[in-house]
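Here is a short briefing to read with the model open in your viewer. Please have a look at the structure first, and then we can go through the points together.

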Amino acid sequence: MLNTLSSTMHLNAIDNVVVARSEISEGTLLPDRGVTAVRRIPRGHKMAIAALAKGSPILRYGQVIGFASEDIAPGDHVHVHNCEIHDFARDHAFGVDARPTEYIQPQATFQGIVRPDGRVATRNYIGVLTTVNCSAGTARYVAEAFRRNPITGDNGLLADYPNVDGVVALTHKTGCGMGIIGDGMDTLRRTIAGYAQHVNFAAVLIIGLGCEANQIGPLLATQKLQPGLTLSSLVIQESGGARKTVEAGIARVKELLPAANAVERVTVPASNLLVALQCGGSDSFSGLTANPALGYASDLIVRHGGTVVLTETTEIYGAEHLLTRRAVSAEVAQKLLDRLSWWEDYTRRNGGEIDNNPSPGNKAGGLTNIVEKSLGAVVKAGTTNMVDVVGYAEQVREKGLVVMDGPGFDPVSATGQIAGGANVLCFTTGRGSVFGCKPTPSLKLATNTPLYERMPDDMDINCGGIADGVETVEECGQRIFDMILAVASGEQTKSEALGFGDDEFAPWQLGATV
């Protein structure tokens, strides 16, 4: 018989399900719950601790996560086979839980790079961006001339520039075959502009083909980008072709290196942190361990004067009332509901549903539907007030908790957060995401100890000690906060050590490809 003190986790006194810390065999008695498992309960999955008549609400986190699609006996496995979701009333109660933020003094500090305009960087890259997929290969050849070899330690052309973290080409699959005006082009240009202005880039070179829909001139004009020493461009068709453009690009980057290298890290307050919150490859432990621990760290960042950015609107769906109740104004709360309404219409028009989540991997990990997933995902945002809701890739200007609109596909939503200015990214995962991104360092938080032990070269922090009973959420959250400060000061993440981040630039593609 299992150790009944550690076999399940009961999250809220009113919950009628518990979560298995480890697999529970059929016939196992759980004296502390007063039930016997009537079938095998996989690790991370839910078990009923009360009889649930068909149509009864199923409660986890003290919230409705679905309704019994059939009678469920105490000790039964609760999952997709007997839990369904349909519309039900939620109390959005705009702002009723908003409270003044209790700021911490003195502020925590980290070692950052202060740019001439006063913004603070956590990394120091040179970027090679593209207007269109047709210039992707050319951009890559420019960046590869400066590539460091993490295996041999050969720094190549960067050997004399130790303060430059690298030269990175961020390419994409669009930029032509699309409307010259409209949401699709606006979103692409806004995303490219966000990277072109990103504080973690010392300088940026934009390469275009010349005949694409997303022309360099209109890109610069519409986004109010001013060419100069730190922002320049090349057009392949005007430069004599790909080979000559590569040569010109390499020469341009060489010219930029001395100034890019002339930086030093200095002590700056944590109010300069703008941290993107992400989760991917989630499991049932995500909402029990890594996400609430990251939520605790998020509160610390805000209380030290910094900013956290929650996105993946489709994974807020069903838990939005927890955010609207913390909104600083009715206007901010309504902005979130308006984005959710847009998503309902968007998915309907494209023959889908907003509840096409969770993924097969999420379900294998114990997550039953989008509402359960959302309730566990939103806790990454902690408990402070929601101060703003912004569009995809829009610049984040408010301090505190900000929600950015975006899809649930991690590379796309993270690209939007980085375009918005995020200088650190925290990514929780239960199944094992290996996401990395440039120019922003990505910290990977494992929700469970077996994952952390199975993928030690990818996971930065183990939050599984919470489920193991050896660490509290608060203790783990403090460790996350401390590591955020260390990474912001230059400490490498696991994904950076592997060299990840060149291929994860993924602007959200809206509209028809023609």
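Helix H10, residues 370–378, supplies 4 residues to the lining of the largest cavity, the largest share of that lining. The model is a predicted one, and it holds 3 cavities of 30 Å³ or more. The notes below cover two of these spaces and then turn to Ser 135.

**The largest cavity**
- This cavity contains about 50 Å³ of space.
- Among the residues that line it are Glu 372, Lys 373, Gly 376 and Ala 377.
- The lining also includes Tyr 61, Cys 279, Ser 282, Asp 283, Ser 286, Gly 287, Asn 291 and Leu 367.
- By residue class, the lining splits into 5 polar, 4 nonpolar and 3 charged residues.

**The second largest cavity**
- About 40 Å³ of space is found in the second largest cavity.
- Its lining is made up of Leu 170, Tyr 195, Thr 415, Ile 418, Phe 435, Cys 437, Lys 438, Gly 501, Glu 504 and Phe 505.
- Here the lining residues comprise 6 nonpolar, 2 polar and 2 charged.

**Ser 135**
- You will find Ser 135 in the loop that runs between strand S12 (125–130) and helix H1 (136–144).
- Ser 135 has a relative accessible area of 0%, so it counts as buried, the cut-off being under 20%.
- The Ser 135 side chain comes to 2.9 Å from the backbone oxygen of Ile 207.
- Beyond its neighbours within four places in sequence, Ser 135 makes contact with Thr 130, Ile 207, Gly 208, Leu 209 and Ile 236.

Methods. Residues are numbered from 1 along each chain as its sequence is written. This is a predicted model: local features need pLDDT of at least 70, side-chain atom pairs count only at pLDDT 80 or more; totals for chains, interfaces and linings use all residues. Side-chain values use heavy atoms; hydrogens and water are left out. Helices (H or I, at least four residues) and strands (E, at least two) are DSSP runs, numbered from the N terminus. Buried means under 20% relative accessible area, exposed over 50%, partly exposed in between (1.4 Å probe, protein chains only). A polar contact is a pair of N or O atoms within 3.5 Å; within protein, one must be able to donate a hydrogen and the other to accept it, and residues adjacent in sequence count only if both atoms are side-chain atoms. Contact means heavy atoms within 4.5 Å. On a 1 Å grid over the protein atoms alone, a cavity is a set of points where a 1.4 Å probe fits but cannot get out, and a pocket is an open set with protein on both sides within 12 Å along at least five of seven lines; lining residues have an atom within 4 Å of a point. Grid points are joined across faces, edges and corners, and a volume is the space filled by probe spheres set on the points. Ala, Val, Leu, Ile, Met, Phe, Trp, Tyr, Cys and Pro count as nonpolar, Asp, Glu, Lys and Arg as charged, and the others, Gly among them, as polar.
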